[in-house]
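Please keep the 3D view open as you read.

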Amino acid sequence: MSDVKTYVAGHKSPDTDSICSAISFANFLTQMGTPATPVCAGPVNKETAFVLDYFGFAHPTIVTNWEETCPEGGNLYLTDHNESKQIIDGYKTMNMCGVIDHHRIGDFETDGPVFIRMEPVGCTNTILTKLYVENNQDIPKNIAGLMLSAIISDTVLFRSPTCTETDKEMAHKLADIAGVELAVYGLDMLKAGADISDLTNDDIVRTDMKEFSEAGKTISIGQISVMDTTEILAKQNELITALEALRSANNYDASYIMITNILDESTTLLFSGEVNDVVKNAFGKDIKDNSVFLPNTMSRKKQIVPPILGAMK
């Protein structure tokens with residue numbers, strides 16, 4: 001057996017799917033004969049903390065730079081991402097082995113052939129559930145709970161336009177294995193994640209933040225989901241100031257934060273940077289005070305990133 005260690009990691013600014021897919025895929029690899037360790041790029045958010053506590057998991061080890069954590073190198077699988085700016089720093093010293101993802105293909109490249117499984121579904125853990133089934137692998141009860149939670153999170157309990165019938169099918173299968181009432185548990189989980197009472201303005205604008213590049217420019221897009229946007233939008237000007245500080249500190253061309261209302265399935269998009277024309281061209285909406293209201297909008301992957309990157313070209 002090789003002495004080289006194998007790791008599974010999700011993206012920077014980890015969300016529930018990022019964390020849970022790393023854990024569930026590491027378990028899959030281990031069951032298939034390749035011992036693997038799940039890690040994460042930073043502290044979990046409230047929603048993910050609720051999930052880990054509910055199903056009895058410790059917080060995964062945090063890795064912020066592979067060169068520092070594994071100077072001797074190691075094998076690395078990515079879950080829930082593939083774009084270089086979202087990968088934990090120092091990854092080029094690692095042996096890239098594969099990717100499981102449900103996002104667009106970015107600038108991902110490797111030195112050799114790797115295992116890749118990508119599907120246009122609402123959640124990485126939907127793909128992983130299929131992997132377990134296809135390989136005749138049992139899904140442990142607590143792992144099923146994590147995987148179910150990720151699907152609930154990414155599809156916002158099946159409300160997101162990214163949700164597919166496959167996501168729903170796998171979620172119900174996992175709920176049976178985990179022994180939970182899907183609708184009841186799902187709402188409790190979303191409520192736990194929607195509590196922003198102790199978050200600073202900086203915390204809010206950095207929530208679930210991802211970097212994207214297009215036409216030689218780099219932007220950040222975060223998303224925070226709440227049950228009621230009244231309180232958070234009351235401090236819109238403060239949030240835009242925090243966004244500008246974030247943008248300036250990282251030399252982004254623009255920074256965005258999606259403030260998504262789970263119940264009425266809408267998003268108010270706040271932004272900083274000289275991108276009024278980009279936003280107007282992307283959404284065809286009037287801009288007011290560095291914001292635009294987008295009804296029937298919940299998905300960054302499907303409804304925000306493509307039009308913004310398209311308008312940047």
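Our starting point in this predicted model is Cys20, which lies in helix α1. Is Cys20 buried or exposed? With a relative accessibility of 0%, Cys20 counts as buried. Leaving out residues up to four places away in sequence, Cys20 touches Val51, Asn125, Leu146 and Ala150. For a sense of scale, Cys20 and Ile116 are separated by 96 residues in sequence, and their C-alpha atoms are 18 Å apart in space.

**Cysteines**

How many disulfides does a search of the whole structure find? The search finds zero.

| Cysteine | Closest cysteine sulfur | Sulfur distance | Relative accessible area |
|---|---|---|---|
| Cys20 | Cys123 | 8.4 Å | 0% |
| Cys70 | Cys97 | 12 Å | 0% |

The sulfur of Cys20 is too far from that of Cys123 for a bond, because 8.4 Å lies between them. Cys70 is in a like position: at 12 Å, the sulfur of Cys97 is too far away for a bond. Cys70 is also buried.

In soluble globular proteins, nonpolar side chains tend to be buried together. The largest nonpolar core here has 47 residues, and the members that touch the most others are Val8, Phe25, Leu148 and Tyr185. Two or more residues of this core come from each of α1 (16-31), α2 (46-54), β5 (95-101), α4 (124-134), α5 (141-155), α6 (165-178) and α7 (182-193). To see how one of these members is packed, look at Leu148: neighbours within four places in sequence aside, Leu148 is in contact with Ala171, Leu174, Ala175, Val180, Leu182 and Tyr185. Another core lies apart from the largest one, with 20 residues that include Val278, Ala282, Val292 and Met312.

**A pocket**

Rolling a probe the size of a water molecule over the atoms shows where empty space is left. The second largest pocket has a volume of about 300 Å³. Which residues of its lining lie nearest the centre of this pocket? They are Lys92, Met96, Glu109, Thr110 and Asp111, out of 15 lining residues. By class, the lining is made up of seven nonpolar, four polar and four charged residues.

Key: Residues are numbered from 1 along each chain as its sequence is written. This is a predicted model: local features need pLDDT of at least 70, side-chain atom pairs count only at pLDDT 80 or more; totals for chains, interfaces and linings use all residues. Side-chain values use heavy atoms; hydrogens and water are left out. A disulfide is a pair of cysteine sulfur atoms within 2.5 Å. Buried means under 20% relative accessible area, exposed over 50%, partly exposed in between (1.4 Å probe, protein chains only). On a 1 Å grid over the protein atoms alone, a cavity is a set of points where a 1.4 Å probe fits but cannot get out, and a pocket is an open set with protein on both sides within 12 Å along at least five of seven lines; lining residues have an atom within 4 Å of a point. Grid points are joined across faces, edges and corners, and a volume is the space filled by probe spheres set on the points. Ala, Val, Leu, Ile, Met, Phe, Trp, Tyr, Cys and Pro count as nonpolar, Asp, Glu, Lys and Arg as charged, and the others, Gly among them, as polar. A nonpolar core is a set of buried Ala, Val, Leu, Ile, Met, Phe, Trp, Tyr and Cys residues joined through side-chain atoms within 4.5 Å. Helices (H or I, at least four residues) and strands (E, at least two) are DSSP runs, numbered from the N terminus. Contact means heavy atoms within 4.5 Å.
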